[in-house]
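Hi there,

Here is the structure I promised to pass along. Have a look at it first, and then read on for what turned up.

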Amino acid sequence: MAAAIDVLADDILRIVFDILASLDPPGLQDLASIPGTRVYSLGWIKITHVCMRWRVLSISMPLLWAGIITTLPRHAFTTLLTRARDAPLNINVDIDMPGESVGLFVHTALSRIDSVRSLRFFLPPPGYGLSEALLSDVAHKTLPCLTDLYIRCLVQPPDTGFPRVNAPN
């Protein structure tokens, strides 16, 4: 006899997976009791380990993966980006991330800026190189998918002002 969940249609399971993704996001766990330790939770990604049907179905949902490409360590990034396919990306970069991850995430944001839905950066001080490249690229492109932009800098930029952003959505 099949389990009750096995009779659910794929479209219902997709809705369940979307809800689970919002309730249990993967990412860095807060382990204040162990300073300097980075422990990541797989969050909703654990559904890919339940059974082959759930794995195939969840991997076929690029929007799930596009929302988390910068939430896990660098070694998972390529897999997450591949699974996101051409879906609009959520890019979140914090200077507290390991340095090599920051560079990779900024480079990806710049190379796929036309398909970025959410761009959230906590930038290092000017002179780091990343801040200037990102702001320059955002200012000179139309960002058709962008619906969320948050940029925080450690140091007040010069009086040149913040670049104008063309994001019709």
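From the N terminus on, the elements run α-β-β-α-α-α-β-α-β-α-β, which comes to 6 helices and 5 strands. Helices (H or I, at least four residues) and strands (E, at least two) are DSSP runs, numbered from the N terminus. Please bear in mind that this is a predicted model: local features need pLDDT of at least 70, side-chain atom pairs count only at pLDDT 80 or more, and totals for chains, interfaces and linings use all residues. Residues are numbered from 1 along each chain as its sequence is written, and side-chain values use heavy atoms, with hydrogens and water left out.

**The overall picture**

Of the 169 residues in the protein, 34% are buried. Here buried means under 20% relative accessible area, exposed means over 50%, and partly exposed is in between (1.4 Å probe, protein chains only). The protein exposes about 9800 Å², and carbon and sulfur atoms supply 58% of that area. Accessible areas come from the Shrake-Rupley method with a 1.4 Å probe; for residues, only the protein chains shown count as cover. Among contacts (heavy atoms within 4.5 Å) with a separation of 6 or more, 60% are between residues 24 or more positions apart.

**The core**

The largest nonpolar core has 35 residues. Such a core is a set of buried Ala, Val, Leu, Ile, Met, Phe, Trp, Tyr and Cys residues joined through side-chain atoms within 4.5 Å. Phe 17, Trp 44, Trp 65, Ile 69, Ile 91 and Leu 119 have the most contacts inside it. At least two core residues come from each of helix 1, helix 2, helix 3, helix 4, strand 3 (89–94), helix 5 (99–111) and strand 4 (116–123). Helix 4 gives the most, with 5 residues.

Which residues does Ile 69 contact, leaving aside its neighbours within four places in sequence? They are Phe 77, Leu 80, Leu 81, Ala 84, Leu 89, Asn 90, Ile 91 and Phe 105.

In helix 4 (residues 74–84), Ala 76, Phe 77, Leu 80, Leu 81, Arg 83 and Ala 84 are buried. They cover an arc of only 160 degrees around the axis, which puts them on the same side of helix 4; the arc is that of the directions from the helix axis to the C-beta atoms. His 75, Thr 78 and Thr 82 are exposed on the other side.

Helix 2 (residues 52–59) has Trp 54, Leu 57 and Ser 58 as its buried residues. Seen down the axis, these fall within an arc of 95 degrees, so they line one face of helix 2. Their cover includes helix 1 (10–23) and helix 3 (62–66). On the other side of helix 2, Met 52 and Val 56 are exposed.

**Salt bridges**

How many salt bridges does the structure hold? There are 2, taking a salt bridge as a side-chain nitrogen of Lys or Arg within 4 Å of a carboxyl oxygen of Asp or Glu.

- Arg 53 pairs with Asp 10, with their closest N and O atoms 2.9 Å apart. Arg 53 lies in helix 2 and Asp 10 in helix 1, so the pair ties together parts that are 43 residues apart in sequence.
- Asp 148 pairs with Arg 120, with their closest N and O atoms 3.5 Å apart. Asp 148 is in strand 5 (residues 148–153) and Arg 120 in strand 4, so this pair ties together parts that are 28 residues apart in sequence.

**On the surface**

Ile 5, Leu 8, Ile 12, Ile 15, Val 16, Ile 19 and Leu 23 make a nonpolar surface patch of about 590 Å². Patches are made of residues with over 30% relative accessible area and no salt bridge: like charges are joined within 9 Å, nonpolar side chains (Val, Leu, Ile, Met, Phe, Trp, Tyr) within 5 Å. One of these residues, Ile 19, lies in helix 1 and is partly exposed at 47% relative accessibility.

Lastly, Gln 29 sits in the loop between strand 1 (27–28) and strand 2 (40–41). The C-alpha atoms of Gln 29 and Ser 41 are separated by 6.3 Å, with the two residues 12 apart along the chain. Not counting residues up to four places away in sequence, Gln 29 touches Val 39, Tyr 40 and Ser 41.

Best wishes
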